[in-house]
Amino acid sequence: MTQSFPLNAWYAACWDAEATRNLLSRTICGKKIVLYRRLDGHPVALDDACWHRLVPLSQGKLDGDNVICGYHGLVFEPGGRCIHMPSQEMINPSACVRSYPVVVRHRLVWIWTGDPALADASKVPDLHWQDDSNWVGDIETLRLPCNYRLVLDNLMDLTHETFVHAGSIGDASVAETPFSVTHSNDTVTVTRWMLNVDPPPFLKKQLGKPGNVDRWQIITFQVPSSIVIDGGVALAGTGAPEGDRSQGINHMVVNTVTPESESSCLYFWSFPRNYRIQDERLTKSQHQNVSAIFRQDEVVLTAQQKAIDENPDKEFYNLNIDAGAMWVRRILAARVEQDSARGLSKGTLQVAPAE
Ligand code: FES
Ligand SMILES: [Fe+2]
């Protein structure tokens, strides 16, 4: 089976607060990686297999900025080079583990899994609502037993809200309203405006005003696997579609999904809002509500992956509602293709020892 995820890309490895002075083991794009923080606070990501006998470095310990393997005591510096071997003066120059480019941005630690020469920090997905002081929301990680693209499909097509999330955010207007799709080389946007509709219970409560609303869902994908959903409602006819959201409420669903393997992924999400931002109880209750909604998605996605595995000879059919997801899959397939044209597929990257 061809690998479904591009490697020349930034993926979220963990939340900023999870990278500490303890060794954290993660699987990212099929690679075992150990993460920690240097004494100056900068995060480090190394292959989680010792050069000597492949014992996970995450089972070792930190000594200053370096990792000591827990088996025979080889010491590796943050660049991945071995700087100490027991019982010998000479250090084999090939003794190194791969060190990955890492960037901290928008409350997440991002790792570049491809050719380090191509790692451009300006290409980290824009999830700024997570650290913008005008927005507030809690964060959460889910580990889902499915291919990461199933999560992207799910988020690009919110028609499923009508059926999976009936009673909270889903009602007939989502599935009945047409939408538009635009795309570039690395983004896809799905826009849906539901004009003069009865708001679903969750949003009605947040708005706190009677009457029909204009409701929007503007979904933006950024390569390789981040999706931000700009959502909200404003009193009907008060100009929200033209840009005046003052009579409404606005939240973002910020999602980034990191493949662990072809059949599991880490799903980092938050639900920032820009109203009543001092209200911590509201932050907590909104997070709980959205978390319960995502548990409903988890049930569907788990069952979907199982059915895919049980039906290897069957394919997906595409409908109009899949237009956004299809563009996402096309962009990802093109990125995987580019990787293999560069000779970069799983396990083939040769990394020279650090100088
Ligand atoms: S396996 Fe790491 S030092 Fe031997
Ligand atoms: Fe959902």
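This is a short exchange on how features of a predicted model get their labels.

User: What are the ground rules?
Analyst: In this predicted model, local features need pLDDT of at least 70 and side-chain atom pairs pLDDT 80 or more, while totals for chains, interfaces and linings use all residues. Residues are numbered from 1 along each chain, chains are lettered from A and ligands numbered from 1 as written, and side-chain values use heavy atoms, without hydrogens and water.

User: Why is the site of the iron ion (ligand 2) called irregular?
Analyst: Its four donor atoms make angles of 57 to 143°.

User: Why is the pair of phenylalanine 5 and tyrosine 148 called edge-to-face?
Analyst: Rings of Phe, Tyr and Trp (its six-membered ring) pair with centres within 6.5 Å; planes under 30 degrees apart are stacked, over 60 edge-to-face, the rest tilted. Here the centres are 6.4 Å apart and the planes at 65°, so the pair is edge-to-face.

User: What makes tyrosine 148 count as buried?
Analyst: Its relative accessibility is 0%. Buried means under 20% relative accessible area, exposed over 50%, partly exposed in between (1.4 Å probe, protein chains only). Tyrosine 148 therefore counts as buried.

User: Why is the pair of tryptophan 193 and tryptophan 216 called tilted?
Analyst: The ring centres are 5.5 Å apart and the planes at 40°, so the pair is tilted. Tryptophan 193 is partly exposed at 22%, whereas tryptophan 216 counts as buried at 1%.

Definitions and conventions:
Donors are N, O and S atoms within 2.8 Å of the metal (3.2 Å for Na, K and Ca); water is not among the atoms, so sites may look incomplete. Four donors count as tetrahedral if all angles lie between 85 and 135 degrees; four count as square planar and six as octahedral if opposite donors are over 155 degrees apart and all others between 65 and 115; anything else is irregular.
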